[in-house]
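Open the model in a viewer and keep the selection panel at hand. The stops below each give something to select and say what is there.

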Amino acid sequence: MEAVRLKLPEMLEEDELLVLPATWEEYLDLVDKTPYTIQYLDGEIIMSQATDTHEEMVADLIWLFKNAFLKEPLLRVLGSNVKIVVPGQTGDFNADVSVVRGPSDYALTPNGNVSKMRIKNPEIVIEILSKSTRKFDLSDKLVYYKRIPSLQHILFVEQNMPAVSVYSRTDTPDEWLNRDYQTLKSVVQMGAIELPMEAIYRKTVFGS
């Protein structure tokens, strides 16, 4: 008897998130075939579609981080199409922006080939929170991000108000420090990196 092939919706509405039970193998079979973002976590495919406001903030943050690293040639800024691999095949995420120090440590495909679209060694990940993804990003995704050994900073950015939350790994094993920034006059700190809130939100019109 032929196995039933898992099917996903042909398209999603803007700022929509759907969850579907699936195996790791089913996810890998579909990940490169959908016109929207799909992610995997512990037996479920998570599907979402971003808005243009979200994507504009992604572009602005990439620009800010690239400028912040002009004197740091080993730090590379990557966009949202690159997959972030969680150890043990429990999670496969798209960060909105990620930063890697030095060469990427690529994951393998099921056939044992190197996949240059899936990395295991991000140093920083940035997520822009939206109505549909906020709960997923701030709960399950945060827990699994902390399992990535190379990761030092996790940055969450609100779209509709000046609010940024940073989780930074400390020298104590399994300990993370959380700092929240809630005014446009604040300066976000991630180690030696400084990002003014006014720069992050320079094109944002709140309440629009």
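Start with helix α2, residues 52-68, in this predicted model. The helix has 17 residues and spans 24 Å from its first C-alpha to its last, close to the 24 Å expected at 1.5 Å a residue. Now show its side chains: His54, Met57, Val58, Asp60, Leu61, Leu64 and Phe65 are the buried ones.

Next, select the strands of the open sheet. In what order do its seven strands lie? The order is β1-β3-β2-β6-β5-β9-β8, and the pairing is mixed. β1 (16-21) and β8 are the edge strands; each has a single partner strand, so one side of each has no neighbour in the sheet. From one strand to the next, the twist averages 40°.

As a landmark, pick Leu17, which stands opposite Ser48 in β3. In general, strands of a sheet pair through backbone hydrogen bonds, either parallel or antiparallel.

**The helix across the sheet**

Lys141 and Asp137 are four residues apart in helix α3, so about one helical turn separates them. Lys141 has a relative accessible area of 1%, and Asp137 is at 3%. Both values are under the 20% cut-off, so both residues count as buried.

**Salt bridges between other elements**

How many salt bridges does the structure hold? There are 10.

Select Arg118 and Asp92. Their side chains meet in a salt bridge, at 2.9 Å from N to O. The pair links distant parts of the chain, with Arg118 in strand β9 (residues 114-119) and Asp92 in strand β6 (residues 91-94), 26 residues apart. Arg118 is buried, at 11% relative accessible area, and Asp92 is buried too, at 1%.

Then select Lys120 and Asp105, which form a salt bridge whose closest N and O atoms are 4.0 Å apart. Lys120 lies in the loop between β9 and β10 (122-129), and Asp105 lies in the loop between β7 (97-101) and β8 (106-108), so the pair ties together parts that are 15 residues apart in sequence. Are these two residues buried, exposed or partly exposed? Lys120 is partly exposed, at 38% relative accessibility. Asp105 is also partly exposed, with a relative accessible area of 37%.

Key: Residues numbered from 1 in each chain as written. Predicted model: local features only at pLDDT ≥ 70, side-chain atom pairs only at ≥ 80, totals over all residues. Heavy atoms only, no water. Helix = DSSP H or I, 4+ residues; strand = E, 2+ residues; numbered from the N terminus. Buried < 20%, exposed > 50% of the residue type's maximum accessible area, 1.4 Å probe, protein only. Pairing = 2+ DSSP bridges. Axes fitted to C-alpha atoms, helices over the stretch in contact; angles between N-to-C directions. Expected span 1.5 Å × (residues − 1).
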